[in-house]
Amino acid sequence: MALVLLALAVIGGCQPKTESAPPGPPLKLSLGLAPFPYSGLVVIAAEKGFFKESGLDLAIKDYAFGFATLEALSRGEIQMAMGNEFSFAKMINDDPSLRLVASVASVNTNEIVARKDRNIHEPAGLKGKRIGFCPNTSSEYYLLAFLLVNRITSSEVTMVNLPAAGMVEAIVNGDVDALSAWDTIVYDAKKRLRENAVSWPAQNNRDWQWVLVVKDSTTQTPEPLKRFLRALLKAEDFALTNNEEAKNIIARRWGFEPEFVQQVWDKTRLSVTLNQSLITSLESFSKWSRAKENQRGEGPNFLKYVYTGALIQVAPKAVTIFR
């Protein structure tokens with residue numbers, strides 16, 4: 001009998017442990033989400049039941065772009081939003097109640113796409129051409145950086161202000177000769193232009209970050225945020241050990257072509273962090289934006305707008321910001 005009990009104990013100890021939800025009713029949170037692979041940790045966590053395991057009742061509302069989710073957060077439509085760091089840096093000037101809670105992805109997918117039939121075969125061919133961009137986003141920021149690296153002054157090109165939703169049509173129809181954009185637009189533009197497309201990476205090996213943002217009032221009761229971050233950390237671990245399934249989950253959620261997901265996957269790191277490079281990037285973008293608008297004085301102290309409390313309690317090693 002003792003041997004049987006011992007065997008049962010050993011077998012029981014080998015069984016995988018399932019984490020039960022915290023006691024009490026699930027806590028409610030709402031999130032604005034844009035359809036990009038770097039929003040992937042959320043859809044993985046939802047698909048695998050990690051939010052439920054963490055004791056969270058999450059309502060997800062879809063928006064077309066990251067800056068639209070941040071605008072919705074500012075209007076009070078949702079409690080959390082995901083967008084890129086540039087949009088956050090821009091928006092805190094108008095809404096200082098915004099707080100950055102975590103980075104959930106590092107991304108290097110912005111490119112310059114051009115039409116070969118406009119005699120553009122190398123970056124120098126952009127001189128004298130019309131280049132489309134979406135203002136006050138990574139599209140504009142990296143376009144100017146790309147021109148600088150390639151020794152092309154802004155006066156040597158015509159920069160055409162375009163809404164994000166109209167960028168692909170603008171280059172396909174020939175309204176612009178080239179455009180500066182992020183992955184979904186780049187992929188669609190190159191797919192439709194086919195052999196007529198030529199492109200170059202625009203970020204010069206400098207990643208930008210996809211960030212989770214809330215209102216300051218949400219940080220006053222941080223337990224829902226901590227549960228949300230725990231679920232994302234589980235999703236991060238899942239993506240690392242189940243690479244192909246993670247990509248399939250993301251592709252199904254938004255109807256992405258597998259080829260597109262693979263291209264972005266190779267240039268994206270899904271990871272929940274708060275790192276010093278984020279502060280440096282926010283400061284660089286703010287300095288550029290203020291110079292463009294001829295604003296004087298010091299830019300914002302971004303440390304005031306980063307809330308580290310929730311992530312420090314959930315995953316202290318993920319926070320490497322100096323204060």
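Two residues are in contact when they have heavy atoms within 4.5 Å. By that rule, residues 24 or more positions apart account for 80% of the contacts in the protein with a separation of 6 or more. The structure is a predicted model, in which local features need pLDDT of at least 70 and side-chain atom pairs count only at pLDDT 80 or more, while totals for chains, interfaces and linings use all residues. Residues are numbered from 1 along each chain as its sequence is written, and side-chain values use heavy atoms, with hydrogens and water left out.

The overall build comes next. The protein has 14 helices and twelve strands; these are DSSP runs numbered from the N terminus, with helices (H or I) of at least four residues and strands (E) of at least two. Its radius of gyration is 22 Å, close to the 20 Å that the globule rule gives for 323 residues, so the protein is as compact as a globular protein of that length. This radius is taken over C-alpha atoms, and the rule is 2.2 Å times the number of residues to the power 0.38. Of the 323 residues, 54% count as buried, meaning under 20% relative accessible area with a 1.4 Å probe and protein chains only.

Helix 2 (residues 40-47) shows this burial on a local scale: six of its eight residues are buried. They are Gly40, Leu41, Val42, Val43, Ile44 and Ala45. Just after helix 2, Gly49 takes a positive phi of about 80 degrees.

Strand 4 (residues 98-107) contains Val101, which counts as buried at 0% relative accessibility. What is Val101 in contact with, leaving aside its neighbours within four places in sequence? The list is Leu212, Val214, Leu225, Leu229, Leu274, Tyr307 and Leu311. Met167 is 66 residues from Val101 along the chain, and the C-alpha atoms of the two are separated by 31 Å.

Aromatic rings give another view. A search of the whole structure finds 20 aromatic pairs, where rings of Phe, Tyr and Trp (its six-membered ring) pair if their centres lie within 6.5 Å; planes under 30 degrees apart count as stacked, over 60 as edge-to-face and the rest as tilted. The rings of Tyr141 and Trp288 have centres 5.3 Å apart and planes at 75 degrees, so this pair is edge-to-face. Tyr141 lies in helix 6 (residues 138-149) and Trp288 in helix 13 (residues 276-292), so the pair ties together parts that are 147 residues apart in sequence. Both Tyr141 and Trp288 are buried. Together with Phe86, Tyr142 and Phe285, they form one aromatic cluster.

Key:
Buried < 20%, exposed > 50% of the residue type's maximum accessible area, 1.4 Å probe, protein only.
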